[in-house]
Amino acid sequence: MRKTGGLQVTTKGNAAGSGIRESGGSEKEWEPFAEQPDSREGYVGVDGCPGGWVAVRLESGGGWQGAVYSSLAALWEACRGCRLLLIDMPIGLPSGKERRSCDGEAHRLLRPWRASSIFAAPVRGVLHAGSYAEANARHKELSGRGLSRQSWALVPKIRELDALLQQEQAACGTIFEAHPELVFAGLAGSPMRGGKKTAEGYAERMAVLQQRLPEAVQVVEELMARYPRRVLARDDIVDALALAAAAAVAGSRAGLQQVPETDLRDEAGLPMAIVYYAAHREQQP
């Protein structure tokens, strides 16, 4: 990863190890990142996708890699030791009636066009519910509010991330919650106007990314060519790439902003904060 003038990030395209190979049975296995001398020193962006988790890594010495992993544990094993990993999934979770302040502040920062992309994280007490009906009833009991089906659909991935962070101490200092729309707003200086699944919204986001990553379109197109849409959608790649770009431009956790600014923790000791890169701070001393 090169930083021109301390701000720009340029990559040298390299997607080795990000293809699909047939296993002995009918299922497909996703090949992990190809290891390179500095491959564990990169910056990673992760998003959930139909096939599991998509990760884009921008290498410290230039180049990039991308892969889909069926489990977060396998992804972490491939990325263990990376400098920074930003993930689009709630980490710290509320326990009762009080909502996460980071969700409210992110909603405010994304007005007027992308505020609807932020929704309240579920309470911790529903992570091990066996059905939506059970989770909804439990959520009402603990928070006084019902649980949306959108939130329920994320519970398995939230549970997977929660387990990793509680089992792997090293992960807690490397993995941080981010939101692609807040990242795009931070990089561009204002929220995106178009929806991410529209042609206009895609073009808008790629224009922002190409200011930082000239080969952003190549990354998206190569990963789309490697994976079928039932495994990986275009907007999943763009979101993961945006998080990787924010991590690379920031260079470290200290280079990122967060909402809220205060350090809030949930009952498991995990941070209830959403991080992002604020481009308007680049010219500040």
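**Close-up views of a predicted model**

**View 1. The largest nonpolar core.** Of the 88 residues in this largest nonpolar core, L86, I87 and I175 touch the most other members, a nonpolar core being a set of buried Ala, Val, Leu, Ile, Met, Phe, Trp, Tyr and Cys residues joined through side-chain atoms within 4.5 Å. Helix 9 (residues 234-250) gives the most to this core, namely 13 residues. Apart from its neighbours within four places in sequence, L86 is in contact with residues that include V44, V46, F176, L243, A246 and V275, where contact means heavy atoms within 4.5 Å. The model is predicted, and local features need pLDDT of at least 70, side-chain atom pairs count only at pLDDT 80 or more, and totals for chains, interfaces and linings use all residues. Residues are numbered from 1 along each chain as its sequence is written, and side-chain values use heavy atoms, with hydrogens and water left out.

**View 2. Helix 6 against helix 9.** Helix 6 (residues 180-188) packs on helix 9 at an angle of about 50°, with the axes 9 Å apart; helices here are DSSP runs (H or I, at least four residues), numbered from the N terminus. In this contact P180, V183 and F184 of helix 6 meet V238, D239, A242, L243 and A246 of helix 9.

View 3. L72, found in helix 1 (residues 72-79), counts as buried because its relative accessibility is 3%, buried meaning under 20% relative accessible area (1.4 Å probe, protein chains only). Leaving aside neighbours within four places in sequence, L72 is in contact with W53, I87, E160, L161 and L164.

Definitions and conventions
Buried < 20%, exposed > 50% of the residue type's maximum accessible area, 1.4 Å probe, protein only. Helix = DSSP H or I, 4+ residues; strand = E, 2+ residues; numbered from the N terminus. Axes fitted to C-alpha atoms, helices over the stretch in contact; angles between N-to-C directions.
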